[in-house]
Structure formats: structure tokens, C-alpha cells
Amino acid sequence: MFDTWTPKQRETAIKKGMAGGQLSPYERTKLEEAAKQAGSVGQKAKDALNKSKG
């Protein structure tokens with residue numbers, strides 16, 4: 001079975017990261033993948049990773 005990363009999950013992880021929260025390993029991995037994208041989604045993911053703990 002494949003894990004599905006929904007837009008809702010992505011936005012939740014971005015909000016958690018932007019607030020300085022601790023991301024789970026899964027959230028961090030998926031945001032790292034999203035951060036490679038061009039546009040606002042990629043930039044939001046990068047910002048969330050930079051502001052998150054750990």
C-alpha cells in the first residue's frame with residue numbers, strides 16, 4: 001500500500017513547521033520533496049522546513 005500525501009496533510013505540516021513545531025520524519029520527508037517544486041507550494045515547504053524544530 002502506498003501512502004498518499006493529501007493537500008490537507010501538506011498544509012497541516014506547513015502550518016506546524018511555520019509555527020516552529022516538531023515535524024514527524026514522514027512530514028519532513030514529504031515537505032523536502034515538496035520543497036523541490038517551483039512556485040508557492042515549494043516556497044512554503046522550504047519556509048516551513050527552515051522554521052521547524054529538528
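A: Please begin with a single side chain and its neighbours. In this predicted model, Leu49 touches Leu23, Arg28, Leu31, Glu32 and Ala35, leaving aside residues up to four places away in sequence.

Q: Which residues make up the largest nonpolar core?

A: A nonpolar core is a set of buried residues joined through side-chain atoms within 4.5 Å. Here the largest one has 10 residues: Trp5, Ala13, Ile14, Leu23, Leu31, Ala34, Ala35, Ala45, Ala48 and Leu49. The largest share, 3 residues, is supplied by H3.

Q: How many aromatic pairs are there, and how is the geometry read?

A: Planes over 60 degrees apart count as edge-to-face. The chain has 1 aromatic pair. The ring planes of Trp5 and Tyr26 stand at 75° with centres 5.6 Å apart, so this pair is edge-to-face. The two residues lie 21 residues apart and link distant parts of the chain, Trp5 being in the segment before H1 and Tyr26 in helix H2.

Q: What does the chain as a whole look like?

A: The chain has 3 helices and 0 strands, in the order α-α-α from the N terminus. Its radius of gyration is 10 Å, close to the 10 Å that the globule rule gives for 54 residues, so the chain is as compact as a globular protein of that length. Buried residues make up 35% of the 54 residues.

Conventions. Residues are numbered from 1 along each chain as its sequence is written. This is a predicted model: local features need pLDDT of at least 70, side-chain atom pairs count only at pLDDT 80 or more; totals for chains, interfaces and linings use all residues. Side-chain values use heavy atoms; hydrogens and water are left out. Buried means under 20% relative accessible area, exposed over 50%, partly exposed in between (1.4 Å probe, protein chains only). Helices (H or I, at least four residues) and strands (E, at least two) are DSSP runs, numbered from the N terminus. Contact means heavy atoms within 4.5 Å. Rings of Phe, Tyr and Trp (its six-membered ring) pair if their centres lie within 6.5 Å; planes under 30 degrees apart count as stacked, over 60 as edge-to-face and the rest as tilted. The radius of gyration is taken over C-alpha atoms; the globule rule is 2.2 Å times the number of residues to the power 0.38.
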